[in-house]
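Hi everyone, thanks for having me. I'd like to walk you through one chain today, so let's get it up on the screen.

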Amino acid sequence: MTEPSISIVDRVVLRPGHARAFIDAYRSEYLPRAEARGLVLDRFLVSPPVWIDGEPNTVTAIWTADGPSGWWQAAIAGRYDPESAEWWARMAPHVLGRSRSSAADVADVEGLCDV
């Protein structure tokens with residue numbers, strides 16, 4: 001039996017004109033570290049899907065973790081990774097706000113509650 005996957009949804013609202021630089025840094029610097037913690041990038045979205053002068057863009061990265069054990073492994077590894085915190089500090093000039101949430105397929109929630 002395989003564990004149900006858990007999605008981690010990161011949303012980052014970027015200052016106008018900063019999205020491209022942030023996306024480049026995310027792909028080249030953040031993504032490899034997150035993958036090393038066991039996360040798999042499912043989708044990487046930009047909204048609105050155009051560059052508009054003077055308007056912010058929101059980047060949404062949807063990651064998957066292999067069940068609760070994979071989720072905990074990635075969360076703990078990220079929490080104690082000083083380079084991750086330093087990376088977000090370097091990105092602060094680009095960022096207006098960010099959030100992270102976790103989600104699972106509704107069919108898997110009952111099983112995830114049975115711990």
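Let's start with helix α2, which lies across β1, β3 and β4 and runs at about 40° to β1. "Lies across" is about contact, meaning heavy atoms within 4.5 Å. Angles run from 0 to 180 degrees between N-to-C directions, and the axes are lines fitted to C-alpha atoms, for helices over the stretch in contact.

A word on where this comes from: it's a predicted model, where local features need pLDDT of at least 70 and side-chain atom pairs count only at pLDDT 80 or more, while totals for chains, interfaces and linings use all residues. Residues are numbered from 1 along each chain as its sequence is written, and side-chain values use heavy atoms, with hydrogens and water left out.

Now the sheet. In which order do the strands sit? The order is β2-β3-β1-β4, 4 strands in an open sheet with antiparallel pairing. Two strands pair if DSSP finds at least two bridges between them. At the edges stand β2 and β4 (95-103), each with a single partner strand, so one side of each has no neighbour in the sheet. On average, neighbouring strands are turned by 15° against each other, ignoring direction. Look at β1 (residues 6-14) and β3 (residues 57-65): they run antiparallel, joined by 9 bridges.

α1 and α3 pack at an angle of about 175°, and their axes are 11 Å apart. By class, their contact has 7 nonpolar, 1 polar and 4 charged residues. In that count, Ala, Val, Leu, Ile, Met, Phe, Trp, Tyr, Cys and Pro are nonpolar, Asp, Glu, Lys and Arg are charged, and the others, Gly among them, are polar.

Take S84 in helix α3. S84 is buried, at 9% relative accessible area. Buried means under 20%, exposed over 50%, and partly exposed in between (1.4 Å probe, protein chains only). Leaving out residues up to four places away in sequence, S84 touches Y30, R37 and G78.

Last topic: charges. How many salt bridges does a search of the whole structure find? The search finds 5, a salt bridge being a side-chain nitrogen of Lys or Arg within 4 Å of a carboxyl oxygen of Asp or Glu.

One of them pairs E29 with R90, closest N and O atoms 3.5 Å apart. E29 is in helix α1 (residues 19-36) and R90 in helix α3 (residues 82-91), 61 residues apart. Both ends are partly exposed: E29 at 33%, R90 at 48%.

Then there's D81, which forms a salt bridge with R33 at 2.8 Å between the closest N and O atoms. D81 also forms one with R37, at 3.7 Å. D81 sits in the loop between α2 and α3, and R37 in the loop between α1 and β2 (40-47), so this pair ties together parts 44 residues apart in sequence. Are D81 and R37 buried or exposed? D81 and R37 are both buried. Finally, salt bridges with shared partners join R33, R37, D81 and E83 into one network.

Notes:
Helix = DSSP H or I, 4+ residues; strand = E, 2+ residues; numbered from the N terminus.
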